[in-house]
Amino acid sequence: MVRVLVIDDDEIVGRLIKEILEESNMELRSPSLDELFGAPKKSAGNRSGFKVIRETSGRDGIRTLMNSILSDEKIALAFVDITLSDMNGLEVGYQLGKIDDRLKIVYISGWELPDVFPGGTARGPGDSGHFIQKPFKADDILQYAATLYGENGKTQNKLAEMRSFLNLNLIKYN
C-alpha cells in the first residue's frame, strides 16, 4: 500500500484527491523476481493501492509525516497546496523534505506557475519541484502519482483503464 499525504485547507480539493487516488486501485509495486523471469502471477494478494492521509494545515501535515516515520508507516508522496491558511506551502514542502528527503512532493495551486515558482521550479530537501495547476484533471493526479512513485508498463496500462473508468474531464471547484 502506497501512503500519500494530501495537505490542502480546501476540504473539497483534499477529499477529491483522496477519492481519485483511492478509487484508482492502481497497481503500484515493483515486479517480483518470479514475475520478471516468467513465473506465473500470484493471486490477487499482490495488488497495492493508495492509502491517502488528508490534513488541512501545514503544521498537521508536518506532524503526520513525523509520526509516520516514528511508526514505520512510510509516506511516499505528498500533494501540498501552495496557499495554506497557516503556512506557506513551499515552506511546508521544505520542512517535509528535511524530515524525509526521499519524499516526493507535488505542489498544487490555483495560482499560475510563474507566480508560485520564480524561475519555474522550487527546490529544497526532497523537493522535486513538481506542480499541478488548479483546476486539474483526475489524470493529472494519477499521472503524477504513478510517475513519481516509479511506474512500470503495467501501471501505465492500469492508468489508461482508469481514465476510461473514471470518465472525468476537467474538475472544477472554488
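## A walk through the fold

Helices (H or I, at least four residues) and strands (E, at least two) are DSSP runs, numbered from the N terminus.

A word on where this comes from: the model is predicted, so local features need pLDDT of at least 70 and side-chain atom pairs count only at pLDDT 80 or more, while totals for chains, interfaces and linings use all residues. Residues are numbered from 1 along each chain as its sequence is written, and side-chain values use heavy atoms, with hydrogens and water left out.

Now find the sheet. It is open, has five strands in the order β2-β1-β3-β4-β5, and its pairing is parallel. Two strands pair if DSSP finds at least two bridges between them. At the edges you'll see β2 (50–55) and β5 (130–133), each pairing on one side only. Ignoring direction, neighbouring strands are turned by 20° against each other on average. Zoom in on β1 (residues 2–7) and β3 (residues 75–81), a parallel pair with five bridges; L5 has A78 of β3 as its bridge partner.

Helices lie across these strands. Helix α4 (residues 89–99) lies across β1, β3 and β4 (104–109), at about 170° to β4. Those angles run from 0 to 180 degrees between N-to-C directions, using axes that are lines fitted to C-alpha atoms, for helices over the stretch in contact.

Look at T64 in α3. T64 counts as buried because its relative accessibility is 14%, and buried means under 20% relative accessible area (1.4 Å probe, protein chains only). Leaving aside residues up to four places away in sequence, T64 touches L5, I53, E55 and I75, where contact means heavy atoms within 4.5 Å.

What about the nonpolar cores? Each is a set of buried Ala, Val, Leu, Ile, Met, Phe, Trp, Tyr and Cys residues joined through side-chain atoms within 4.5 Å. The largest has 22 residues, and V4, I17, L21, F79, F136 and I141 touch the most other members. Two or more residues each come from β1, α1 (11–24), β2, β3, β4 and α6 (138–149). A second, separate core of 17 residues includes I7, L65, L103 and Y107.

That brings us back to α6, where A138, I141, L142, A145, A146 and L148 are buried.

Note on methods: Buried means under 20% relative accessible area, exposed over 50%, partly exposed in between (1.4 Å probe, protein chains only).
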